[in-house]
Amino acid sequence: MKILTKRNGLIALIILAFSFPFIAQNDYYLHILTLSFIWAIAVYGINLLSGYTGYLSLAHAGFFAIGAYSLGLLTVKTGMNFWLALVGACLITCAIGFLIGLIALRTKEHFFAIYTLCVGYIIYLVIDKWEGLTEGVRGLIGIPAPGNIGPITFETAASQYYLVLIFLLAVILIVYRIIRSLTGRTYMAIRNSEDLAQTIGISTMKNKLTAFVLSTFFAGLAGALYASFIRFIGPDIGSTSIMFDLLMYLLVGGIGTLSGPLVGTLLLVILSQNLQFLQEYRMLIFGPLLTLIIIFYPRGITGAVFDWQSKRKGKKMSGVRKEFPIKAEEG
Amino acid sequence: MLIETKNLTKRFGGLAAVNNVDFMIEKGGINAIIGPNGAGKSTFFNLISGFHRPSSGTVLFKGIDITKLRANEIAGLGISRTFQTTSLFDQSTVLDNVIVGHRLRTKSNLMDAILRTKRLKREEAACRDKAMEVLDIVGLTKSADRMVSSISQEEKKRTAIALALATEPEIIFLDEPAAGINPDETEGLTELIKKLNQSGLTVCLIEHKMHMIMNLADHIMVLNYGEKIAEGTPKEIRGNEAVIKAYLGGSASA
């Protein structure tokens with residue numbers, strides 16, 4: 001029996017995540033971790049589309065903001081119950097995502113990236129300028145914390161941490177199941193070669209649109225959680241710089257890998273918190289780091305670890321063939 | 001008649017890449033399309049498989065008009081093809097590359113994936129079985145778990161054929177299956193194509209290796225500047241004046 005299996009490692013990580021509030025000395029760490037989990041959910045959304053389906057979207061900070069503002073407006077202005085508003089926020093994001101996807105997915109590669117960059121910026125502008133609805137630069141204040149579920153309240157930092165953690169785990173499970181399934185294989189076939197995918201009978205538009213809407217769903221969910229966690233939102237959450245932060249988390253962690261979004265987000269959020277004293281000069285560290293990773297490890301930290309592992313495994317079992325070890329994509 | 005094209009024409013700007021081509025493919029044979037470089041052979045394939053919309057003319061499959069169908073719908077009918085340059089996914093195994101080829105015969109969707117339903121599990125098993133079956137046909141069972149990046153060019157060609165077979169086609173279009181591989185391997189590939197044909201699959205291929213074509217095909221069409229200049233058995237083609245002129249008279253090479 002091996003103790004250091006992938007499964008045991010995963011269980012240990014989950015136990016660690018659940019016991020973290022007891023270990024952490026103060027709420028500050030809990031706050032940082034909760035926040036990075038929220039970002040990670042959005043990055044998982046981007047990864048599903050950009051990493052697995054091959055369409056680099058730069059509009060997802062916009063969808064994050066749509067999710068956040070939908071929840072904010074529904075709870076503050078209409079006084080809707082938090083949980084209903086959460087569902088509503090996700091649905092609104094998906095609906096807008098569907099309409100944008102219909103048009104955006106007619107473009108490919110660079111054009112898709114540029115188009116979605118513009119879409120993201122337009123979403124930001126609409127939020128910033130439509131003061132009647134969004135309060136513009138003043139921002140939206142007084143968003144309620146997640147509502148109680150029976151006896152469970154979400155007023156303390158620890159309870160909010162657990163709530164976000166459960167959402168994150170659910171998102172990872174969903175993404176895991178998708179990429180391991182025929183649907184995931186379909187997305188990866190499109191990423192690999194859209195022409196070939198069509199030749200083997202895959203309706204590329206339908207599948208791309210599903211992946212796009214699902215990825216906006218995750219971004220919207222993350223935005224909604226963010227709004228109720230921070231309790232205040234401004235148009236800046238939809239800005240291009242947030243988009244590039246998210247993209248940086250994904251690239252450093254590993255685009256097209258299952259654990260990449262979490263690894264990248266945790267690493268960079270924690271690193272950037274610890275480098276606060278450097279202020280703007282932090283970018284002097286992040287810039288070169290990102291460049292080096294993209295040059296030497298195009299699939300990020302996770303991809304590098306995976307390549308190293310498969311190289312070792314390849315040496316070990318050269319010549320020996322296992323029976324049907326079916327892998328879709330690694331984690 | 002399995003496939004029939006009528007007055008099939010494709011213009012790119014002023015250039016007619018395929019000009020008024022009538023062609024018929026009977027069920028069960030091995031058909032070949034030959035012609036000098038730039039004769040419009042690949043464009044002809046693209047028109048039949050739905051990648052390009054013809055400027056005019058029609059394509060019939062078993063008498064049904066498929067001219068306006070999309071590529072994925074045409075694949076669903078049982079028309080499969082390979083590309084000149086094989087675009088497989090390098091960082092994945094041969095088996096994983098082929099499994100998705102059977103996707104079009106499955107129904108499971110996103111919800112099946114998230115809930116891991118019985119249907120999904122059943123269909124995944126079916127796709128895997130199908131992949132192993134077609135890998136066995138093309139003789140790659142032993143390489144199923146190897147990374148595509150580590151297999152030879154000839155094995156890549158076989159993988160691409162396996163992928164096309166996984167869609168369960170009635171007819172397969174092969175675009176230069178023997179390009180870039182050595183004479184011994186070409187021999188092996190010829191055998192494979194014969195074997196596929198004997199199992200009931202109709203084959204249509206583009207190829208530049210004349211020796212291979214003359215041995216393999218029972219019906220040949222010759223294109224030049226987008227027009228059909230000859231059609232017939234290998235013997236008839238070999239003695240055809242227009243064909244000899246097209247190949248030797250111009251500067252184009254065979």
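Hi everyone. Let me start with one pair of residues: in chain B, Asn31(B) stands opposite His219(B), which belongs to strand β9(B). Before going further, a reminder that this is a predicted model.

So what surrounds that pair? Strand β3 of chain B, residues 30-34, is joined to strand β9 of chain B, residues 219-224, by four bridges, and the two run parallel. As a general point, strands of a sheet pair through backbone hydrogen bonds, either parallel or antiparallel.

Zooming out, how many strands does the open sheet of chain B have? There are six, in the order β6-β7-β8-β3-β9-β10, and the pairing is mixed. At the edges stand β6 (79-81) and β10 (227-232) of chain B; each has a single partner strand, so one side of each is left without a neighbour in the sheet. Between neighbouring strands of this sheet, the average turn is 15°, direction ignored.

Now over to chain A, where the inventory is 14 helices and two strands. Its radius of gyration is 20 Å, close to the 20 Å that the globule rule gives for 331 residues, so chain A is as compact as a globular protein of that length. Of the 331 residues in chain A, 47% count as buried. And if you take the contacts in chain A between residues at least 6 apart in sequence, 77% of them join residues at least 24 apart.

Here is a helix pair from chain A to look at on the screen. Helix α2 (residues 27-52) and helix α7 (residues 157-180) of chain A pack with their axes 9 Å apart, at an angle of about 20°. Since angles under 35 degrees count as roughly parallel, that makes α2(A) roughly parallel to α7(A). The contact includes Phe37(A), Ile41(A) and Tyr44(A) from α2(A), and on the α7(A) side, among others, Tyr161(A), Leu168(A) and Val175(A). As for handedness, the α2(A) and α7(A) crossing is left-handed.

One last residue, please. Phe98(A) sits in helix α4 of chain A, which covers residues 82-104. Is Phe98(A) buried, exposed or partly exposed? It has 14 C-beta neighbours inside 10 Å, and therefore Phe98(A) counts as partly exposed.

How values were computed: Residues are numbered from 1 along each chain as its sequence is written. Chains are lettered from A and ligands numbered from 1 in the order in which they are written. This is a predicted model: local features need pLDDT of at least 70, side-chain atom pairs count only at pLDDT 80 or more; totals for chains, interfaces and linings use all residues. Two strands pair if DSSP finds at least two bridges between them. Axes are lines fitted to C-alpha atoms, for helices over the stretch in contact, and angles run from 0 to 180 degrees between N-to-C directions. The radius of gyration is taken over C-alpha atoms; the globule rule is 2.2 Å times the number of residues to the power 0.38. A residue is buried if 20 or more other C-beta atoms lie within 10 Å of its own, exposed if 12 or fewer, and partly exposed in between; C-beta atoms are placed from the backbone. Two residues are in contact if their C-beta atoms, placed from the backbone, lie within 7 Å. Angles under 35 degrees count as roughly parallel, over 145 as roughly antiparallel, 65 to 115 as roughly perpendicular and the rest as oblique. A crossing is left-handed if the near helix is turned anticlockwise from the far one by less than a right angle, and right-handed if clockwise.
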